[in-house]
Amino acid sequence: MKRLIYATGIASAALLPAAAATAQDASWGCQVLLCAASQNPSWHGVQYCIPPMVKLIAAMSKPGFLWPICDEAKAGAPGREDYADCPEGTKIGYSQYGRDGNRSVPDRCVKTLNTCQTDPGLNGLANQAGVILNRRARDGEDSCIKEISSQRPRRADPWYFDIPNDQGVKQRHWFNLNL
């Protein structure tokens, strides 16, 4: 974060006379990056951040939108991941497949169980709300393998920037664009 602030300050100072550079003097891309990286409070709680982020949200709905970039920070455009990681012991699954076999969005967490073995946890999992239980058949015969599938959690902050720190190691900063 220090590197980002330093880079933004340098970029702003280069454009201004000997007057002190402030975050408001940064390019729009650097303003967006600084605001998106704000964690406590998030950009929603920083008065300075409201105008550039509202401008960004409005611009995103227009045809030909290009994300404003802060070249000085070497972060590029943000990424987006709508879903959080699945809990340990589960894997990512899909609720639907297209006609050609392509998967839809990875919106499920799946745990595979061998029900031929005694598993006291199965009944508790099978009775939870929102859980789908599938039984696989192999060559027309029932199998002991069952899949328990649950809705994959959504991220509150689905957008992220990978911002290099002082050592050049990228750190992920999550944010949202909800007004």
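Okay, so let's start with lysine 74, which is exposed, with a relative accessible area of 54%. That counts as exposed because the cut-off is over 50%. Bear in mind that this is a predicted model we're looking at.

Where does lysine 74 sit? You'll find it in the loop between α3 and β1, and β1 is residues 79–80. Now look at its backbone: lysine 74 has a positive phi of about 55 degrees, even though it isn't a glycine. Most residues other than glycine have a negative phi, and most peptide bonds are trans.

Going from asparagine 40 to proline 41, the bond is cis, and omega is near 10 degrees. Proline 41 is in a loop as well, the one between α2, residues 28–37, and α3, residues 50–60.

While we're at α2, is that helix mostly covered or mostly open? Mostly covered: nine of its ten residues are buried. Among them are both cysteines on the list, Cys30 and Cys35, plus Val32, Leu33 and Leu34.

If you want a pair to look for, aspartate 162 stands opposite arginine 172 in β7. There are five residues between the strands, and in this hairpin glycine 168 takes a positive phi near 85 degrees.

Note on methods
Residues are numbered from 1 along each chain as its sequence is written. This is a predicted model: local features need pLDDT of at least 70, side-chain atom pairs count only at pLDDT 80 or more; totals for chains, interfaces and linings use all residues. Side-chain values use heavy atoms; hydrogens and water are left out. Two strands pair if DSSP finds at least two bridges between them. Helices (H or I, at least four residues) and strands (E, at least two) are DSSP runs, numbered from the N terminus. Buried means under 20% relative accessible area, exposed over 50%, partly exposed in between (1.4 Å probe, protein chains only).
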